[in-house]
Amino acid sequence: MASDPNARAGLGNAQYLEISGEDAHAFVQAQFSGDVRALRPMHWQWNAWLDHKGVVRALMHLARLDNEDSGDGHLLALLRGSDASESCADLRKYVLRTKVRIEPSTERFLSIGAPLPLHEIRVEADAIGFGCGDRSVWLESVRHEVDAEQEREFRLAEIRDGWPSLPVGSKAEFLPPALGLEHLDAVSFDKGCYPGQEIAARLHYRGGHKRRLVHVSGSLAIHPGDSLPTGTRDIVLESSGTAEDWHALAVMDEPAIDKSMTLQDKLRVIHRFDA
């Protein structure tokens with residue numbers, strides 16, 4: 001770990017959108033799956049953008065940077081795995097006559113920081129911190145050096161918390177239950193219509209979807225984007241190795257979750273993230 005507990009370690013380039021304007025809140029409320037009415041100033045919430053089939057197009061930390069008295073909304077969507085330019089171009093198709101501006105990321109970087117209360121936003125000079133409880137993620141203009149041990153502990157914490165990212169460049173299609181959106185409170189069933197709402201509600205109330213977000217561990221070296229030995233549909237989203245074993249956050253079919261029990265030390269399910 002870094003000797004200075006407040007030192008930040010680099011995580012690479014950031015992908016984010018800034019959404020602003022008089023109709024910014026109404027626009028994201030109508031497009032995203034989470035209830036933006038519950039988002040307080042200088043806080044963030046989990047949220048997602050679904051397509052009409054309910055497939056997750058973008059997963060994000062959505063931050064509110066305006067205040068209650070502001071005439072214009074100012075929201076920042078820190079994307080987890082999606083491309084900002086592509087997401088921006090796709091979202092702009094739905095702006096129509098609403099008074100909203102959507103801009104993709106300029107050159108900024110992500111870093112790991114000290115503990116900050118969960119869902120709190122902190123602004124220091126030109127850096128924006130996202131509170132994650134025992135850690136924080138910062139969006140800033142300075143690129144910090146990578147600290148391998150700090151990054152390993154950060155990724156292990158994300159895995160244990162069940163915080164997914166979409167695999168970069170993957171063509172895999174995930175419905176809300178597969179990414180644990182309910183356990184993240186990233187999907188609302190009573191706020192009104194949004195793209196994919198009917199599918200999300202049907203899966204919530206009637207079930208039937210067999211893919212689930214799980215924390216797995218084992219002796220096999222596994223990396224984001226890999227298929228697990230239980231089946232080609234079982235995809236690794238995040239992983240981190242320790243001296244003893246590997247840990248990963250993965251999307252698995254329910255039959256494969258049972259099958260993993262027969263692989264002994266090669267793969268075992270630590271936790272399944274349901275609603």
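Biologist: What is the relative accessible area of Met-42?
Modeller: Buried means under 20% relative accessible area, exposed over 50%, and partly exposed in between (1.4 Å probe, protein chains only). Met-42 counts as partly exposed because its relative accessible area is 28%.

Biologist: What kind of model is this?
Modeller: Residues are numbered from 1 along each chain as its sequence is written, and side-chain values use heavy atoms, with hydrogens and water left out. Local features need pLDDT of at least 70, side-chain atom pairs count only at pLDDT 80 or more, and totals for chains, interfaces and linings use all residues, since the model is predicted.

Biologist: Where does Met-42 sit?
Modeller: Helices (H or I, at least four residues) and strands (E, at least two) are DSSP runs, numbered from the N terminus. Met-42 is not a glycine, yet has a positive phi of about 60 degrees. Met-42 sits in the loop between H1 and S3.

Biologist: Asp-185 has a positive phi too. Is Asp-185 buried or exposed?
Modeller: Most residues other than glycine have a negative phi. Phi of Asp-185 is near 60 degrees. Asp-185 lies in the loop between H3 and helix H4 (197-206). With a relative accessible area of 62%, Asp-185 is exposed.

Biologist: What radius of gyration does the chain have?
Modeller: The chain holds five helices and 15 strands. Its C-alpha trace spans about 60 × 50 × 30 Å along the principal axes. The radius of gyration is taken over C-alpha atoms, and the globule rule is 2.2 Å times the number of residues to the power 0.38. For 275 residues a compact globule would come near 19 Å, which agrees with the chain's 19 Å.

Biologist: What share of the chain's contacts between residues at least 6 apart join residues at least 24 apart?
Modeller: Contact means heavy atoms within 4.5 Å. Buried residues make up 52% of the 275 in the chain. Among contacts between residues at least 6 apart in sequence, the share joining residues at least 24 apart is 65%.

Biologist: Which elements does H1 pack against?
Modeller: Helix H1 covers residues 24-31, and its buried residues are Ala-24, Phe-27, Val-28, Gln-29 and Gln-31. These buried residues pack against strands S2 (16-21), S3 (43-50), S5 (73-79) and S6 (101-104), and helix H2 (84-92).

Biologist: Is His-247 buried or exposed?
Modeller: His-247 lies in strand S14. Beyond four places away in sequence, His-247 touches residues including Leu-156, Ile-159, His-215 and Glu-238. Its relative accessibility is 11%, so His-247 counts as buried.

Biologist: How far apart in space are Leu-249 and His-271?
Modeller: Leu-249 is in strand S14, residues 246-253. Leu-249 counts as buried because its relative accessibility is 0%. Leu-249 and His-271 are 22 residues apart in sequence, and their C-alpha to C-alpha distance is 9.6 Å.

Biologist: Which element gives the most to the lining of the largest pocket?
Modeller: On a 1 Å grid over the protein atoms alone, a pocket is an open set of points with protein on both sides within 12 Å along at least five of seven lines, and lining residues have an atom within 4 Å of a point. The lining has 40 residues, with Arg-80, Gly-81, Ser-82, Leu-166 and Val-168 nearest the pocket centre. Elements giving two or more residues include strand S1 (9-13), helix H3 (148-161) and strand S13 (231-241). With four residues, the element that gives the most is S4.

Key. 1 Å grid on protein atoms, 1.4 Å probe; cavity = no way out; pocket = protein on both sides within 12 Å on 5 of 7 lines; lining within 4 Å.
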